[in-house]
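Here is a friendly walk through one protein model, meant to be read with the structure open beside you.

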Amino acid sequence: QPLEKTLGVDLLIYHHTFQSYIFIQYKRMTKETDLYIYRPTDSTYKTEIERMNSFMETLNLKAANKDLKNYRFNNDLFYFKLCPAKIENSNSNRMVSGMYLPLELWTILLEDDCTNGPKGGKQLSYKNTGRYFNNSQFINLAQNGWIGSRIEDFENVTEIIMGSINSDNSITLAQYKTV
């Protein structure tokens, strides 16, 4: 609740080794004809995207320093995960399938004609996005520090997150261990 109201996200990932944050906003894709589609038209989406963009402006991302541990493909902290609205196995401990899209790519997709629906509205699906990260790719990139915030932004991001956590709302922390 507090992170979503502050940052417009559902999940925060912190990578201790790389002092890196990744924020994920989940969106449900509904089945229309033979495709699972997400339409970015609901009121919650609009406020979430405004919060993300505001945060990016507030953070005023710094230029990367020339440190090996600090190298990232990009410094995009925000990712959307679009998940088909279907339950494959409710007893499974596997991650829900879906596609991860960095905020920068998300913005490009919504400006491109490839996401125009038959009546002119915007819609995103596996078929029209072309490129995205699946679960395995995303996990690999995140675990190895290829994506997420840069080290020099760590203090600013942490300060904002701690302010959100300290607002007397709940937060769930999870630890992932590599084998």
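## Ground rules

This is a predicted model, in which local features need pLDDT of at least 70, side-chain atom pairs count only at pLDDT 80 or more, and totals for chains, interfaces and linings use all residues. Residues are numbered from 1 along each chain as its sequence is written, and side-chain values use heavy atoms, with hydrogens and water left out.

Helices (H or I, at least four residues) and strands (E, at least two) are DSSP runs, numbered from the N terminus. Buried means under 20% relative accessible area, exposed over 50%, and partly exposed in between, with a 1.4 Å probe and protein chains only.

## Two loop residues with positive phi

Most residues other than glycine have a negative phi. Gln19 has a positive value, near 45 degrees, and sits in the loop between strand 1 (11-15) and strand 2 (20-32). Gln19 is partly exposed, at 27% relative accessible area.

Thr33 also has a positive phi, near 55 degrees. Look for Thr33 in the loop between strand 2 and strand 3 (35-38); with a relative accessible area of 76%, Thr33 is exposed.

How many aromatic pairs does the structure hold? There are 15, where rings of Phe, Tyr and Trp (its six-membered ring) pair if their centres lie within 6.5 Å; planes under 30 degrees apart count as stacked, over 60 as edge-to-face and the rest as tilted. One of the pairs is Tyr45 with Trp106, tilted, at 6.0 Å centre to centre and 50 degrees between the planes. This pair links distant parts of the chain, with Tyr45 in helix 2 (residues 43-59) and Trp106 in helix 3 (residues 103-111), 61 residues apart.

Phe80 and Trp106 form a stacked pair, 3.8 Å centre to centre with 15 degrees between the planes. Phe80 lies in strand 4 (residues 78-84) and Trp106 in helix 3, so the pair ties together parts that are 26 residues apart in sequence. Phe80 is buried at 0% relative accessible area, and Trp106 is buried at 0% too.

## A ring cluster and Phe55

Ring pairs also link Tyr14, Tyr21, Phe23, Phe55, Phe78 and Phe154 into a cluster. Phe55 belongs to helix 2 and counts as buried, at 5% relative accessibility.

Setting aside residues up to four places away in sequence, Phe55 touches Leu7, Phe23, Leu77, Phe78, Val157 and Ile160, where contact means heavy atoms within 4.5 Å. Phe55 and Ile160 are 105 residues apart along the chain, yet their C-alpha atoms are separated by 9.2 Å.

## The two faces of helix 6

The buried residues of helix 6 are Phe154, Val157, Thr158, Ile161 and Ser164. They cover an arc of only 120 degrees around the axis, which puts them on the same side of helix 6; the arc is that of the directions from the helix axis to the C-beta atoms. On the face turned away from this buried side you will find the exposed residues Glu155 and Glu159.

## A buried serine

Where is Ser149? Ser149 lies in the loop between helix 5 (135-143) and helix 6, and is buried, with a relative accessible area of 0%. The side chain of Ser149 reaches the backbone nitrogen of Tyr21 at 2.8 Å. Leaving aside neighbours within four places in sequence, Ser149 is in contact with residues including Gln19, Arg72 and Leu77.

Definitions and conventions. A polar contact is a pair of N or O atoms within 3.5 Å; within protein, one must be able to donate a hydrogen and the other to accept it, and residues adjacent in sequence count only if both atoms are side-chain atoms.
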